[in-house]
Amino acid sequence: MFVFTVNNQICSTDKDVRLIDYLRKDLGLTGTKEGCGSGACGTCTVIVDGRKARACVPKTSSLAGKSVLTIEGLSDREKAVYSYAFAEAGAVQCGFCMPGMVMSAKCLLDTNPDPTRGDVVKAINGNICRCTGYAKIETAILMAAGLFRENAPVPDISKAAGVGDSLHRVDAAEKVCGTGLFADDFTVPGMIYAKALRSTYPRARVDRINIEKALAHPDCVTVLTAADVPFNKTGHIVKDWDVLIAEGDVTRYIGDAIVLAASLYEESLDEILALVEVEYTVLDPVTNPTAALAENAPKLHPNGNILTHEYVDRGDADQAIAEAAFAVTTHYSTPQTDHAFMEPECAVAIPKAFGAGSAAKGDPEEPALTVYTASQSVYDEQREIAAMLKIPNGSIRCRSVLVGGGFGGKEDMSVQHHAALMAWKTGRPVKVKFSRQESLNVHVKRHAMEIDITTACDAKGNITATKVLLISDCGAYASLGGPVLQRACTHAGGPYHFDNFKADGYCVYTNNVPGGAFRGFGVTQSCFAQEMNITLLAEKAGIDPWEFRRMNAIRPGESLPNGQIASEETAFVECLDAVKESYRSSPFAGIAGCLKNSGLGVGLPDFGRTTLKIKDGIVHVRTSAADMGQGIGTVAVQIVCETAGIAADRVIREAPDTFLTPNSGTTTASRQTLFCGEATKKAALLLKEALLAKSLGELDGEEFYGEYSGVTDPMRSGKEHPVSHVAYGYGAQVVIMDESKKIIQAVAAHDVGRAVNPKLCEGQIEGGVTMGLGFALTENFITENGYVKSTYNTLGLLRSTDVPPIEVILIGKAGKEGLAYGAKGIGEISSVAAAPAAAAAAYRVDGVARTRLPLENTAYKPNR
Ligand code: FES
Ligand code: FES
C-alpha cells in the first residue's frame, strides 16, 4: 500500500500506476492534463513536496510519504488571482496548457515572490504552450505576483464588451483552474475503451487477420474489422480514407487502422491488440512525390497517384519573364511539420440508452448516438459518422467540449468515427483516446512542398511576372490536400500588384503520413518561396527590400496577381510603413509580406449561422463555429453586446452541438470571425429590434436567427477580375538577428480590418509568429522510408526561452459598417511571413540564401 497526500487529503493505493493516472482516474482530479505522457510538455505539472514535478513520470510507489498538490488544491484566493491575471493579460487560448502553467507559476512565486520577466521565462521553460507565444503568460504571472505580494484584492473586471474592447475570455477561469471539460475529462458509467491496431508497415498487403486470441482476452468486449463497417471510407472532400483496412487490401501508411478493439479497461487495450495476428506481404513504400510520379510507380489509389492538379494562369508569365530586366529563379523545400496541439485527440460516443445527450425540455428528441468531441466542425463529424454507419445525419448528435488546440489538425476523422463505430456495434459508451505518439503517427501534417519559382521585374524594380511550380506531398490520403495546394498556388504571387502570374501545382499521393490543413493552409509554404525570391530580386535590381516591397505593394483598387481587385480597406502599405523603423534599425533585419484569405471563397458554399435563444433573461449564443482557442466564443458574445446593447453578463455562448447550434461551417480558412461574426450581428440586430417592444425577460423562449453567405467566383471563372474571396488580410513582419543569427526581435504588423477584441487579436498574432518562427528555425516532422521517427520531444517546438520579444502592431482601415464590423481573420496569416523574414535576416548576416526549412546554420538547431 502506498500512502501519500494529495491536496492535503491522505490517499492510499495498492496500485503502482503513474501519478497522472491515479489523479485523473482514481481521484477524478482532471485538472491535471496529459499532453505528451513522456515528461516533455509540462501540461501535467503538479507540485510534490514543494517542488515542480511532471505527473506523467513518477509512479505511485515512489510517492510514499510525500505530499502532492494539484491545480484543484490551490486556495480560492490563488485560483481567483491566477484566473484574473491570465484573463487580463490575454494569456488564455485553448487552455490545455494552463493548469500546468499555473502550477509552474506557483512553484516560482512560492520561492521568489518578486521575479523578473527573465525568471518567469526560465520557470515556464518546461511548459510548452502551442497557442500563445508565451509573452502574455509571462505577463500574467508577473501580474499575479504583484497581486500576491501586495496582498491586493482581485480587481474588478472591466464590463466593456463592445467591439474593440478587450473583454476577458468567456472561458478563461475554467481553463486556468482546470475545471473546464476536455474530451478525456469525460467518463460515463459503463464506459468501455477502444483502440485501433495500426499497420506495422507503410505499405503492405494485409493477407490475413486473426482476432480469435484477442477475443478470448478476459477484458475484451469485441474486436471489429473492416467487415463490420457499413461504409468503410471517410474524407471530407475525397472519400479515400479507410476506416479499417480489410483483408486483401494494401495499407497506405503507418497510421492505417487494421482492427478496432474494445476493452473493459483502458489499461488492457494494448494487451488485447498484441493478440491480434496479422499476416502481411510487405511492399516497398513510395515515400516521395518524384518516385510516386515515376512511370512504373505502383498506384496507391485507384485513380493513380496525382490527387489534384491546380493552376492559375493570368497574363503571359513566360513572355514577361523573358523580357524582364531582372529575374530570380530558385528551388525551395519545406518540410512536413506537426500541429502539436497540446490536447491529443479524444472522443466519447454514447448510445441513446445511456441518456448522455440529455436534451433539455423543448430541445429536439434524443438521437441514437451522441458523440462528444473536440474538433473543428461538429457538422463535418456528424456527416462523416452518419455516412460510415449508413444512417441519417439526424441519428447522430455531435457535441463539442473544450478543444485543446487544432490549427487545422482536428478537421479530419481521427478518433470520432472509431468511437462512434464501436458504440454503435456494442451499444455501450466508448472512449477512444490517442496517446501522443499515436496522434503523431496518425493525424495529418503540414504538406511538405518542393517549389520552383521565378520572379521577375523591370529595370525600375516593378514586378512584372512570377511563375511557380509546386509539388505537394499529399501523403497517404487526400484530406484537404486539394484546397491546400489551391491556396498555395493562388497566393504564390504575394500581396503585390502585377498581371503575369502562372502557378502550377500537383498534390501527389505517397506512403507518408497524410498532409492536411495546417494554419496557413499552403500559403506558409509558397510565401516562404516568393518572399525569399523577392528579397533576392530586390538585391539584383539594386533596391532596398523594404522599398522594393512598398513600390510593388497592392493598393486599393489595384488587381492582385489572381485578378481580384483589392478592396478599399486594403492596408498592406500601412503594414509595411508600420515596420519600416524596425527594419531600418538593424543591418540584420529581414522583412517579408503576406496576404491570406478569410473564408473558403472560390465559389464554394461559405456561410456563417447563429441563433440567439432567450432563456430566463439570458441570451444564449448558438453557433457551431468551433473555438479551438482562437476565441470565436468571446468574439460572438461581444458582437451580440455591441449590436443589441446588452451587458456581457446577460450573454452566454453555448458549445457547438449539431442538435442545437446551426451549421456555421468548419473553423478553417480564418473564416469564423468574419462569417460567424456577421451572422451573429444579423441575429443580434433582430434581437435589438425586438427589445424595442419587450424586455429580455419578456422574450423568453424566442429565437433570433442570422445567416451570412459569402458569394465568390469559382477558380478559372473566366472573369478578368474575379472575386475569389470576400476578404483578404495583409501583413508585414520583420525579424532581427544578432551576429550569431539568434533572433533578438520580431515585429508583426497586420491588417486585421477591425479588431473585435484587441487583446485576443494580439495573442493570435504572437502565437502565430511563434509558430512561424518554429517553422523557420527548428520544426520538422521526420519520417524515414514511411516510418515516423519524430516524438513530441523532437518536433522542434519553441520553448519560452527560445521565443524573442514580439512586437505586434494592429492595422485596420475597416469601418464599422463592414461585415462583422470590419473584422478580418487573423488566425492563419500571423504564421505566414515569419519564415521568409527569418531567412532574409540570416541572409543579411552571412550572405547565404537559405532555400530550405528549417533554416540551417543559425543559432538554433534545426530538427533534421
Ligand atoms: S510532461 Fe507530462 S504530459 Fe507532457
Ligand atoms: S493556450 Fe497554451 S497550449 Fe493552448
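**Exercise 1. Phe-407**

In which loop does Phe-407 lie? Then decide whether Phe-407 is buried or exposed, and describe its phi angle.

*Solution.* Note that this model is predicted.
- Step 1: Find the neighbours along the chain. Phe-407 sits in the loop between S17 and helix H12, which covers residues 416–426.
- Step 2: Check the accessibility. The relative accessible area of Phe-407 is 12%. The cut-off for buried is under 20%. Phe-407 is therefore buried.
- Step 3: Look at the backbone. Phi of Phe-407 is near 55 degrees. That is a positive value in a residue other than glycine.

**Exercise 2. Asp-616**

Locate Asp-616, and state whether Asp-616 is buried or exposed.

*Solution.* 
- Step 1: Asp-616 belongs to the loop between strand S23 (607–615) and strand S24 (618–622).
- Step 2: Its phi is near 50 degrees, a positive value in a residue other than glycine.
- Step 3: The relative accessibility of Asp-616 is 70%. Exposed means over 50%. Asp-616 therefore counts as exposed.

**Exercise 3. The whole chain**

Describe the protein chain: its helices and strands, its dimensions and its radius of gyration.

*Solution.* 
- Step 1: Take the secondary structure. The chain has 21 helices and 31 strands.
- Step 2: Take the box. Along the principal axes, the C-alpha atoms fill roughly 80 × 70 × 60 Å.
- Step 3: For 864 residues, a compact globule would have a radius of gyration near 29 Å. The chain has 26 Å, which agrees.
- Step 4: Look at burial. Of the 864 residues, 66% are buried.
- Step 5: The chain exposes about 28,800 Å², and carbon and sulfur atoms supply 51% of it.
- Step 6: Count charges. There are 85 positive and 100 negative side chains. The centres of the two sets lie 1 Å apart.

**Exercise 4. Helix H14**

Why is helix H14 described as largely enclosed by the rest of the structure?

*Solution.* 
- Step 1: H14 spans residues 481–490.
- Step 2: Because 9 of its 10 residues are buried, H14 is largely enclosed by the rest of the structure.
- Step 3: Name some of them. The buried residues include Gly-481, Leu-485, Arg-487 and Cys-489.
- Step 4: Find the cover. Among the elements over these buried residues are strand S13 (306–314), strand S20 (463–475) and helix H15 (523–541).

**Exercise 5. The nonpolar cores**

Which residues touch the most other members of the largest nonpolar core?

*Solution.* 
- Step 1: In soluble globular proteins, nonpolar side chains tend to be buried together.
- Step 2: The largest nonpolar core holds 220 residues, and Phe-86 and Tyr-792 touch the most other members.
- Step 3: H15 gives the most to this core, with 10 residues.
- Step 4: Apart from it lies another core, of 20 residues, including Ala-161, Leu-167, Ala-636 and Phe-704.
- Step 5: Go back to Phe-86. Leaving out residues up to four places away in sequence, Phe-86 touches residues including Ala-91, Met-98, Ile-137 and Val-176.

**Exercise 6. A cis bond**

Which residues does the cis peptide bond with omega of about -10 degrees join?

*Solution.* 
- Step 1: This bond joins Leu-853 and Pro-854.
- Step 2: Pro-854 lies in the segment after helix H21 (834–846).

Definitions and conventions:
Residues numbered from 1 in each chain as written. Chains lettered and ligands numbered in written order. Heavy atoms only, no water. Helix = DSSP H or I, 4+ residues; strand = E, 2+ residues; numbered from the N terminus. Rg over C-alpha atoms; globule rule 2.2 N^0.38 Å. Buried < 20%, exposed > 50% of the residue type's maximum accessible area, 1.4 Å probe, protein only. Areas by Shrake-Rupley, 256 points an atom, 1.4 Å probe, with all protein chains shown as cover. Lys, Arg positive; Asp, Glu negative; His and termini not counted. Charge placed at Lys NZ, Arg CZ, Asp CG, Glu CD. Contact = heavy atoms within 4.5 Å. Core = buried A, V, L, I, M, F, W, Y, C linked by side-chain atoms within 4.5 Å.
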